Each structure stands twice: as C-alpha cells, then as structure tokens.
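Look at the sequence and the model below. The paragraphs after it walk through the chain, one part at a time.

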Amino acid sequence: TEEQERRALERAQAASAPATVPAASKPGLNNTERNEMKRLEKDIAQLESRKRDILERFNAPDLAADEAGKLSVELGQIQENVEIKEMRWLELAEQG
C-alpha cells in the first residue's frame with residue numbers, strides 16, 4: 001500500500017497542477033470547451049479528495065477485510081476516472 005500511496009500522492013500533485021492554469025484564460029477554446037475544462041478541474045479535485053479519504057481509511061486499524069476490498073475497487077475506479085479526466089484536460093489545454 002505504500003506504493004499505492006506514493007502513486008496517489010504523485011497523481012494528486014499532477015491533478016493540482018492543471019488547476020493552477022485558469023481555464024478562462026485559454027483564448028483558443030470556445031465557451032463550451034472552457035466550461036468543460038472548469039468542470040474537469042472540479043471533478044478531478046473531488047476525485048482526488050475521495051482518493052485521499054480512501055487512503056486514510058486504509059490506515060485505520062479497524063478496517064475490515066470486506067470493506068478494504070470494496071475500497072480497493074473504488075480506488076481503482078477513481079484512479080481510472082482521474083486519468084481519463086486529466087487526459088481530456090490536457091487535450092483541451094493543448095488546443096488553447
């Protein structure tokens with residue numbers, strides 16, 4: 001789980017980097033694309049927050065095996081969603 005935590009931290013840092021570039025400042029994007037970038041930034045932040053919550057829960061001494069299994073599946077889904085959203089954000093950023 002240390003490897004998972006390290007990867008989660010790296011992804012959290014990567015996810016916070018796109019948020020530092022204001023989506024509205026991209027002159028090459030239309031309004032729909034700028035709105036999509038804003039929504040992606042918000043979605044990524046929410047997913048990263050949930051991921052941190054799950055990783056904290058993994059460290060709890062009272063974590064049951066079945067709960068750990070469910071959290072592990074959810075964490076995998078979150079990581080996939082973050083990657084997809086980050087890729088789309090990067091596509092939009094390159095267009096701008």
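**Helices and the contacts between them**

Arg-57 has a relative accessible area of 25%, so it is partly exposed; buried means under 20% relative accessible area, exposed over 50%, and partly exposed in between, with a 1.4 Å probe and protein chains only. Arg-57 makes a salt bridge with Glu-67, and the closest N and O atoms are 2.9 Å apart. (A salt bridge is a side-chain nitrogen of Lys or Arg within 4 Å of a carboxyl oxygen of Asp or Glu.) This pair links distant parts of the chain, with Arg-57 in helix H2 and Glu-67 in helix H3, 10 residues apart. Glu-67 is partly exposed, because its relative accessible area is 28%. Arg-57 also forms a salt bridge with Asp-62, again described by its closest N and O atoms, 2.9 Å apart. Asp-62 has 55% relative accessibility and therefore counts as exposed.

Two notes on reading these values are needed. Residues are numbered from 1 along each chain as its sequence is written, and side-chain values use heavy atoms, with hydrogens and water left out. The model is predicted: local features need pLDDT of at least 70, side-chain atom pairs count only at pLDDT 80 or more, and totals for chains, interfaces and linings use all residues.

Now take the chain as a whole. It has three helices and zero strands; helices (H or I, at least four residues) and strands (E, at least two) are DSSP runs, numbered from the N terminus. Along the sequence the pattern is α-α-α. The chain has 96 residues, of which 32% count as buried.

How do helices H2 and H3 pack, and at what angle? Two packed helices are described by the angle between their axes and the distance between the axes. For H2 and H3 the angle is about 155° and the axes are 9 Å apart. Axes are lines fitted to C-alpha atoms, for helices over the stretch in contact, and angles run from 0 to 180 degrees between N-to-C directions. H2 and H3 are therefore roughly antiparallel to each other; angles under 35 degrees count as roughly parallel, over 145 as roughly antiparallel, 65 to 115 as roughly perpendicular and the rest as oblique.

Glu-36 counts as buried because its relative accessibility is 17%, whereas Arg-88, with a relative accessible area of 25%, is partly exposed. In total, the structure holds eight salt bridges.

Trp-89 is placed in helix H3, which covers residues 65-95. With a relative accessible area of 5%, Trp-89 is buried. Trp-89 and Glu-36 are 53 residues apart in sequence, and their C-alpha atoms are 8.3 Å apart in space.

Arg-34 is buried yet has no salt bridge. The nearest side chain of opposite charge is that of Glu-33, 6.9 Å away; Lys and Arg count as positive and Asp and Glu as negative, while His and the chain ends are not counted. The side chain of Arg-34 does reach the backbone oxygen of Leu-29, at 2.3 Å.

Note on methods. A polar contact is a pair of N or O atoms within 3.5 Å; within protein, one must be able to donate a hydrogen and the other to accept it, and residues adjacent in sequence count only if both atoms are side-chain atoms.
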